[in-house]
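I am opening my notebook on a new structure. I want to look at a pocket, a helix and some charged pairs.

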Amino acid sequence: MSDALAREPRPARRHDREILALAVPAFGALVAEPLFLMADTAIVGHLGTDRLAGLAIAGPLLTTAVGVCVFLAYATTAAVARRVGAGDLPAAIRQGMDGIWLALLLGTVIALAVLPGAPALVDAFGASADAAPHAVTYLRISALGVPAMLAVLAATGVLRGLQNTRTPLYVAVAGFAANAALNLVFVYGAGWDIAGSAWGTVVAQNGMAAAYLVVVVRGARRHGASLRPDAAGIRACARAGVPLLVRTLALRAVMLIATAVAARLGDRQVAAHQIVLSLWNLLAFALDAIAIAGQSIIGRYLGAGDTDGARAACRRMVRWGIGTGVLLGILVVASRPLFTPLFTADPDVRRTLLPALLVAALSQPVAGVVFVLDGVLMGAGDGPYLAWAMLAVLAIFAPVALLVPRLGGGLTALWWAMALMMAVRMVTLWLRIRSGRWLVTGAVRA
């Protein structure tokens, strides 16, 4: 396919259909995920302030432990999609099983570390004497569900690589509903207090993992793929995941630095920062859905040896990213009088919030390009470049952000630093795309 043909309406419409078919269900699944903790928070909040404070400490610890392992989904998606593109479904499913086995091993290690280390972790976060016992209880019980949580990540990657984002949506919605129902039964019906909330999450996550495994096992049997753990395959999955782990840790470091700087600016500033950051994360779900489509589509094209198709799909997704970013930015600005009162009634916080929010809205088109190109390079299996690029972004962002309070800047200046961070990310990713070095074809990226 030539570049001219790739720009014709018919191929563009085909890419649009592919992107929508994968991105829309992926968006639904992404939105369903944070509802787990929201359900826990709503139910535990009625048990008392000390329980809610315990959850406020244990919840982020748990989500961080699981969140840094998101590479299990990313790396598995790319590897499976390549084999799908090469027409080797048994190998694709075998690759997916290796990712699931790696997830179970990592989850077991994390759980075994958290169980005895929960008191020390809670104490390190400065929990009060009233909240600490509840935080330890929630964290220890929830740790039992970590292997299932990581298996869900890897299995989601398998299905995305197989160009199936609908099943993850159905499983995520069912899991959220089960989690909410079990929490109510265990907390209020059985009277298990905060432990009931943790057990509800553990049971729901194990149920989700079981549902995924049923789907994957059926596919393996249908195509004659082995389900046994393969040491070489698991090691290969781990090697592919390490660069993406580094990338994720660097990105989280950026967010932690931003929050730490906001905290040094004062209570009003950090309160406004939390509101802007929450909205930023919400908008990211829509952009990440396009990135997930990119991982699946690009991996499949490169596995089939179709570099022209990969380039054309990349161009189309960039347009989707820009258009979605513009739309999201306009929605934020237009709807701010409606949602701002939901977050705070403090007029000083509102005044501090507004200019920072406008900066975040203006940066959404750039964020759209960043998310798309990130997904494209993940789909291409270009993890090492993504790791080095994100470390370079961190090296630029950290001193700029830390200079904000020294130079007398406020929250708006901090969010301009965030916008700079996104712009630098866009440049590093665009340079890689322009180089063409990501266009490595074949069932396995050499």
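How many nonpolar, polar and charged residues are in the lining of the second largest pocket? I looked it up: 17 are nonpolar, five are polar and five are charged. I note that the model is predicted.

**Entry 1, the pocket.** I read a volume of about 480 Å³ for the second largest pocket. Its lining has 27 residues, and Ala75, Ala79, Ala236, Ala240 and Gly381 lie nearest the centre. I checked which helices take part. H5, H6, H11, H15 and H16 each supply at least two lining residues. H5 gives the most, with eight. Domain 1 (24-229) and domain 2 (242-445) each contribute at least three residues to this lining.

I tested its length. Just after H15, glycine 381 has a positive phi of about 75 degrees.

I counted nine salt bridges. Arginine 425 pairs with aspartate 374, with the closest N and O atoms 3.3 Å apart. Arginine 425 is in H17 and aspartate 374 is in H15, so the pair ties together parts 51 residues apart in sequence. Aspartate 374 is buried, at 7% relative accessible area. Arginine 432 forms a salt bridge with aspartate 382, at 2.7 Å between the closest N and O atoms. Both arginine 432 and aspartate 382 are buried. I also noted a network of salt bridges linking Asp50, Arg51 and Asp193.

Terms used: Residues are numbered from 1 along each chain as its sequence is written. This is a predicted model: local features need pLDDT of at least 70, side-chain atom pairs count only at pLDDT 80 or more; totals for chains, interfaces and linings use all residues. Side-chain values use heavy atoms; hydrogens and water are left out. On a 1 Å grid over the protein atoms alone, a cavity is a set of points where a 1.4 Å probe fits but cannot get out, and a pocket is an open set with protein on both sides within 12 Å along at least five of seven lines; lining residues have an atom within 4 Å of a point. Grid points are joined across faces, edges and corners, and a volume is the space filled by probe spheres set on the points. Helices (H or I, at least four residues) and strands (E, at least two) are DSSP runs, numbered from the N terminus. Ala, Val, Leu, Ile, Met, Phe, Trp, Tyr, Cys and Pro count as nonpolar, Asp, Glu, Lys and Arg as charged, and the others, Gly among them, as polar. Domain bounds come from an automatic or database domain assignment. A salt bridge is a side-chain nitrogen of Lys or Arg within 4 Å of a carboxyl oxygen of Asp or Glu. Buried means under 20% relative accessible area, exposed over 50%, partly exposed in between (1.4 Å probe, protein chains only).
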